[in-house]
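I opened this notebook page to record what I looked up in one protein structure. The entries follow the order in which I consulted the model.

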Amino acid sequence: MTWANADTLLILDVSAFRLVTLDLASRSASVTPVDPAFMSPVFAAGQVRFVAPQPDRTVWLEFPGPIKDGWEERSFVRCSPDRPVSDTVLGSRARGFAGATLAAWPRSLLGVGAETWVVSSEDGSGESSIVALEIEGL
């Protein structure tokens, strides 16, 4: 869950495939369905590494990937009720073992900002300078 502003709390209900928006000022709630196929890679992995629900009902998740030679391919993907196809915004590799990040190994970092901004390292590794990207079509 995350705060959208001082009065609005966003909750991703992973067991019911929905995004719940609680408006504390008016004591009301709204529910937006989230495509179960979008969340299935996270369920298959058994853990949520990164989630960022947004006020526009877009949900960002970090998808786990296959592990080859000790490296896991990961991707950050967004899903919106206004866009029928999920978008992979960032892909990277991380040292992994059985779906878990190993201690002392870097992992990809992503920050989701307001409107169309996403912040990540230039190469997705989390090790180099941070850059801000404006994502088209958000």
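**Entry 1: basis.** I worked with a predicted model, in which local features need pLDDT of at least 70 and side-chain atom pairs count only at pLDDT 80 or more, while totals for chains, interfaces and linings use all residues. Residues are numbered from 1 along each chain as its sequence is written, and side-chain values use heavy atoms, with hydrogens and water left out.

**Entry 2: overall.** I noted 1 helix and 13 strands; these are DSSP runs numbered from the N terminus (helices H or I, at least four residues; strands E, at least two). Read from the N terminus, the order is β-β-β-β-α-β-β-β-β-β-β-β-β-β. Of the 138 residues, 34% count as buried, that is, under 20% relative accessible area with a 1.4 Å probe and protein chains only.

**Entry 3: cores.** I then looked up the nonpolar cores, which are sets of buried Ala, Val, Leu, Ile, Met, Phe, Trp, Tyr and Cys residues joined through side-chain atoms within 4.5 Å. The largest has 12 residues, among them L10, V34, F38, V59, V77 and C79. Two or more of its residues come from each of β2 (8-13), α1, β6 (59-63) and β8. A second, separate core of 5 residues includes F50, A52, W60 and F76. Leaving aside residues up to four places away in sequence, V77 touches F38, V59, W60, L61, F63, S86, D87 and T88; contact means heavy atoms within 4.5 Å.

**Entry 4: S75.** Is S75 buried or exposed? S75, in strand β8, is buried because its relative accessible area is 17%. Beyond residues up to four places away in sequence, S75 touches L61, E62, F63, T88, L90 and G91.

**Entry 5: pocket.** I recorded the lining of the second largest pocket as 15 residues, with V34, D35, C79, S80 and P81 nearest its centre. A pocket here is an open set of points on a 1 Å grid over the protein atoms alone, where a 1.4 Å probe fits, with protein on both sides within 12 Å along at least five of seven lines; lining residues have an atom within 4 Å of a point. At least two lining residues come from each of β4 (28-33), α1 (36-45), β8 (71-80) and β9 (83-97), and β9 gives the largest share, 4 residues.

Technical notes
Buried < 20%, exposed > 50% of the residue type's maximum accessible area, 1.4 Å probe, protein only.
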